[in-house]
Amino acid sequence: MGLIDGTHISVLPPRDGYKDFVNRKGWPSYVLQGVVDDKGCFWNISCTMPGSAHDATVLRQSELFQKAHLLPKGVKNIEGEEVRLLVVGDPAYPLLDWLIKGYTNSPNLTPEQESFNVYLSSLRVGVEMAFGKLKSRWRVLLKRSDFHFSFAPTMIATCCALHNFCEKQKDAISTNWLEEFSQSSEIFHQSIQPVNVSTSNSGINAREVLTKYLASQFPLRQVHLH
């Protein structure tokens with residue numbers, strides 16, 4: 001159904017509450033939570049939480065979480081089990097009935113579980129690419145702007161809407177823009193979120209079913225250490 005992730009957008013923070021905006025890498029930001037489809041377009045965003053917020057907190061405060069019961073279920077029968085449409089996230093998110101993530105890295109993972117993680121990780125590249133294109137096109141997102149912090153969420157949301165328009169028009173990305181994005185990423189490092197251990201029984205069951213299905217239908221894959 002979609003891929004979810006978060007990225008930090010630099011902001012000029014208020015004097016009062018400055019610390020709330022400082023992320024784990026030590027610079028002030030807003031957290032942009034985005035969910036993208038298979039075409040790299042954002043179909044849901046949230047960009048009102050300050051940089052100190054964990055991705056799981058941003059999720060729980062978002063409209064997406066509050067209205068998750070309205071998400072399409074599109075139930076499919078897989079290996080005799082009913083599995084609904086799912087949003088794919090990274091380890092920072094909880095495992096829910098509508099949000100799936102990989103297994104926590106451990107030497108005790110089975111080959112099937114490790115393979116599931118690899119397949120899921122390769123799938124999540126889609127949302128990372130969407131964020132890269134977003135920031136490459138709208139370079140106001142690459143550096144700290146002088147917008148009042150209260151206006152920044154509107155600016156961020158507007159850039160996301162314009163990104164969708166460009167993607168639907170198949171607008172090409174300049175290699176120079178991508179290089180500038182890469183250079184900016186070396187200055188404004190994105191924070192690494194700790195693993196979220198929250199789970200739901202339905203989420204656990206869906207992950208187990210999909211793990212078995214992938215193992216039976218596709219080659220097992222391993223993590224390649226560099």
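Reader: Leaving aside its neighbours within four places in sequence, with which residues is Ser46 in contact?

Author: The model is a predicted one. Once sequence neighbours within four places are set aside, Ser46 is in contact with Val31, Leu32, Gln33 and Ser62. Ser46 itself belongs to strand 3, which covers residues 42-50. Gly34 stands twelve residues from Ser46 in sequence, and the C-alpha to C-alpha distance between the two is 6.6 Å.

Reader: Is Ser46 buried or exposed?

Author: A residue counts as buried when its relative accessible area is under 20%. Ser46 has 12% relative accessibility and therefore counts as buried.

Reader: Which residues have the most contacts inside the largest nonpolar core?

Author: The general idea is that nonpolar side chains tend to be buried together in soluble globular proteins. Here the largest nonpolar core has 31 residues, and those with the most contacts inside it are Leu32, Phe42, Ile100, Leu134, Leu141 and Ile156. Several elements supply at least two residues each, including strand 1 (2-10), strand 2 (29-36) and helix 5 (152-168). Helix 4 gives the largest share of this core, six residues. As for Ile156, its contacts beyond four places in sequence are Ile9, Tyr30, Leu32, Cys47 and Leu141. Another core lies apart from the largest one; it has eleven residues, among them Val35, Ala68, Val87 and Leu99.

Reader: How many aromatic pairs does the structure hold?

Author: There are six aromatic pairs. To read such a pair, one considers the distance between ring centres and the angle between planes, where an angle over 60 degrees counts as edge-to-face. Phe21 and Phe149 are 5.8 Å apart centre to centre with 80° between their planes, an edge-to-face pair. Phe21 lies in helix 1 (residues 18-21) and Phe149 in the loop between helix 4 and helix 5, so this pair ties together parts 128 residues apart in sequence. Phe21 counts as buried, at 8% relative accessibility, whereas Phe149 is partly exposed at 24%. Phe147 and Phe151 form a tilted pair, with 5.4 Å centre to centre and 55° between the planes. Phe147 is partly exposed, at 31%, and Phe151 is likewise partly exposed, at 42%.

Reader: Where does the charged end of Arg207 sit?

Author: The charged end of Arg207 sits over the ring of Tyr103, 4.1 Å from the ring centre. Arg221 places its charged end over the ring of Tyr119, at 4.8 Å from the centre.

Notes
Residues are numbered from 1 along each chain as its sequence is written. This is a predicted model: local features need pLDDT of at least 70, side-chain atom pairs count only at pLDDT 80 or more; totals for chains, interfaces and linings use all residues. Side-chain values use heavy atoms; hydrogens and water are left out. Helices (H or I, at least four residues) and strands (E, at least two) are DSSP runs, numbered from the N terminus. Buried means under 20% relative accessible area, exposed over 50%, partly exposed in between (1.4 Å probe, protein chains only). Contact means heavy atoms within 4.5 Å. A nonpolar core is a set of buried Ala, Val, Leu, Ile, Met, Phe, Trp, Tyr and Cys residues joined through side-chain atoms within 4.5 Å. Rings of Phe, Tyr and Trp (its six-membered ring) pair if their centres lie within 6.5 Å; planes under 30 degrees apart count as stacked, over 60 as edge-to-face and the rest as tilted. A charge sits over a ring if NZ of Lys or CZ of Arg is within 6 Å of the ring centre and within 35 degrees of the ring normal.
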